[in-house]
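The following exercises concern the geometry of a single protein model.

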Amino acid sequence: ENKLGKCLEFVVVCECNTCSCVKIILFFFSSFRSTITREKFEELCGDLWDKSLMPVKEVLKHSGLQADDIYAVELIGGATRVPKLQVKLLEYFGRKDLDKHLDADEAIVLGAALHAANLSDGIKLNRKLGMVDGSSYSFFMELEGPDLSKDGDTRLLLVPRMKKLPSKIFKSFNHSKDFELLLAYDNEGLLPPGLSSPVFAQYAVSGLTDAANKYSSRNLSSPIKTNLHFSLSRSGILSLDQAEAAFQVTEWIEVPKRNLTVENSTIASSNVSVGLGAENTSEQNSNSLESDGGISNASNSTTEPNTVDLGTEKKLKKMTFRIPLKIVEKTMGPGIPLSKESLLNAKSKLEALDKKDAERRRTAELKNNLEEYIYATKEKFETSEDFERISSNDERQSVIKKLDEVQEWLYTDGEDATATEFQERLNLLKVATDPIFFRFKELTARPEAVKFARQYLTELQQTIRGWEKDKPWLPKDKVEELSINIDKFKTWLDEKEAEQQKMSGFSTPVFTSKEVYEKVAFVQNKADSIEKIPKPKPKTEKPINNAETEKDTSGDEKPAEESDSSKNEEDNVESEMHEEL
């Protein structure tokens, strides 16, 4: 059967460590179960057991120890529970038992967490753990450029395996032109997962040629040296941090001359004068003064030659210049940046995949909607008795027939249909079922709407009667108009209900609940607009002065007709203001 060809899951179950068989279960659309012996299973995995001992052998080889030198073998990690792996370890170390003092899973988890906290700068431990980590891989560097041949001199081992982390590495060589530097894993057979090439970084070092041309005209006492500074981080990541060119120049420079003969004679004369002064201490005062004067003259004559400019002389001096070089990193391996064309192609592919995913989700959603609609409609027609009141048996059977046809298409030709086809089928079904569902909804919604409308109209009429006492300022014409609308609404309800009672439940309703609620809303808006009319403010008469009163009384009285006409105008203005309010 084609439907039975998709395997959903493959599970290997080992029920216990001492059982004699392993059950391999394949879950198909209908389950399948098979059994093989443990011996057969271990035989099939024979190449894996030998590979599992490789880390142990490499550790012993690097440490310079033999299997007989190990006095304890502690098992940690969940994989160490495999019986065959334990047997292999026992055979390799020649032991009868293995040490199992630690929790195999907990030791790995806690050790990794503590080591990560020890390395992290954001987590503070009460005390740093004394851990000494080594590089898991060995690295070498290779130089490429003019005057560099592919030989052993251009390939240098930078980091041997298990070198202490972190570390600083310094390399120096003689070269005078720009070059490129490659960093790679030393052992191609031992690469991190996911890498196919040992080269993981490439650097372009520039500025060396310009510096060599600049200093080549000067007297170089030794060849130009290039110094490279590398760093091996605590995570075992190797990178080039700094590059510089070192030039040692020997030049003649001018320094002041020193007259050694004058300096020596000055020192000798001063010593003789001091001796004579000591021997003539018994002479007269005048003689002593003369001798003292001679001493002073001699001293003055000896200091004069020191102020004479003897000129300069040339001496040979060595100077070292260090010029920093420019480093440009070129990403290699899986992290190499894409070209513009490749990036555009990748974006277009991703957009196409996103469209396919969106279409697939829409197709699945519409298919589920169609399937759900079919089952829900059938269930309503078969279980609800109210549908018999609003639809005939022939009408229901016709709809059920269409539902069956679409359902059969859904599970045969519709397996690979598009979203548009599912939507079209659903629309066709709704055309046939919507009139029935509409009558079914109005069967209960219309009486509720009529009941609500009659109750509201009754309450509104009581409110209008209360306005005569509580709000006498409301315009009577508008209140009468509202009452007329209420009576018309009641008459419309009576007529429509009478017509609906004469109609069959299978036909289209004479009026709907929506029409009733619309008329209720119309009357309600009218009533709210009238009820919100504010009460007019009382009139305030201004006080009349005595002088004005006397003036008015002394003057000629106006005719009665004029006073009546002015009074009528005031009444008209008040009525107009009242209507505006």
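**Exercise 1. Determine how α3 and α4 are oriented relative to each other.**

Step 1. Helix α3 covers residues 54-63, and α4 covers residues 83-93; helices (H or I, at least four residues) and strands (E, at least two) are DSSP runs, numbered from the N terminus.
Step 2. The axes of α3 and α4 come within 11 Å and cross at roughly 30 degrees. Axes are lines fitted to C-alpha atoms, for helices over the stretch in contact, and angles run from 0 to 180 degrees between N-to-C directions.
Step 3. Angles under 35 degrees count as roughly parallel, over 145 as roughly antiparallel, 65 to 115 as roughly perpendicular and the rest as oblique. The two helices α3 and α4 are therefore roughly parallel.
Step 4. The crossing of α3 past α4 is right-handed; this term applies if the near helix is turned clockwise from the far one by less than a right angle, and left-handed applies if anticlockwise.
Step 5. On the α3 side the contact (heavy atoms within 4.5 Å) is made by Val 56, Lys 57 and Leu 60, and on the α4 side by Leu 89, Tyr 92 and Phe 93.
Step 6. By class, this contact of α3 with α4 has five nonpolar residues, no polar ones and one charged. Here Ala, Val, Leu, Ile, Met, Phe, Trp, Tyr, Cys and Pro count as nonpolar, Asp, Glu, Lys and Arg as charged, and the others, Gly among them, as polar.

The model is predicted: local features need pLDDT of at least 70, side-chain atom pairs count only at pLDDT 80 or more, and totals for chains, interfaces and linings use all residues. Residues are numbered from 1 along each chain as its sequence is written, and side-chain values use heavy atoms, with hydrogens and water left out.

**Exercise 2. Carry out the corresponding analysis for α11 and α12.**

Step 1. Helix α11 (residues 393-411) packs against helix α12 (residues 419-470) at an angle of about 160 degrees, and their axes are 11 Å apart.
Step 2. This angle makes α11 roughly antiparallel to α12.
Step 3. The crossing in which α11 passes α12 is left-handed.
Step 4. From α11, the residues Glu 395, Val 399, Lys 402, Leu 403, Val 406, Trp 409 and Leu 410 take part; they meet Glu 421, Phe 422, Arg 425, Leu 429, Ala 432, Thr 433, Ile 436 and Arg 439 of α12.
Step 5. Divided by class, the contact of α11 with α12 has nine nonpolar, one polar and five charged residues.

**Exercise 3. Is Asp 99 buried or exposed, and which residues does Asp 99 touch?**

Step 1. Asp 99 is located in the loop between α4 and α5 (104-119).
Step 2. Its relative accessible area is 17%, so Asp 99 is buried. Buried means under 20% relative accessible area, exposed over 50%, and partly exposed in between (1.4 Å probe, protein chains only).
Step 3. Not counting residues up to four places away in sequence, Asp 99 touches Ala 72, Val 73, Glu 74 and Leu 75.
Step 4. A polar atom of the Asp 99 side chain lies 2.9 Å from the backbone nitrogen of Val 73.

**Exercise 4. Describe the backbone and surroundings of Met 162 and Pro 166.**

Step 1. Met 162 belongs to the loop between β6 (155-159) and β7. Phi of Met 162 is near 70 degrees, a positive value in a residue other than glycine.
Step 2. With a relative accessible area of 43%, Met 162 is partly exposed.
Step 3. Pro 166 lies in the loop between β7 (164-165) and β8 (167-174). The peptide bond leading from Leu 165 to Pro 166 is cis, with omega near -10 degrees.
Step 4. Pro 166 is partly exposed, at 48% relative accessibility.
Step 5. Leaving aside residues up to four places away in sequence, Pro 166 touches Leu 232, Ser 233 and Arg 234. Pro 166 and Ile 237 are 71 residues apart along the chain, and their C-alpha atoms are separated by 9.2 Å.

**Exercise 5. Characterise the chain as a whole.**

Step 1. The chain has 16 helices and 14 strands.
Step 2. Of its 581 residues, 24% count as buried.
Step 3. Among contacts between residues at least 6 apart in sequence, 70% join residues at least 24 apart.

Definitions and conventions
A polar contact is a pair of N or O atoms within 3.5 Å; within protein, one must be able to donate a hydrogen and the other to accept it, and residues adjacent in sequence count only if both atoms are side-chain atoms.
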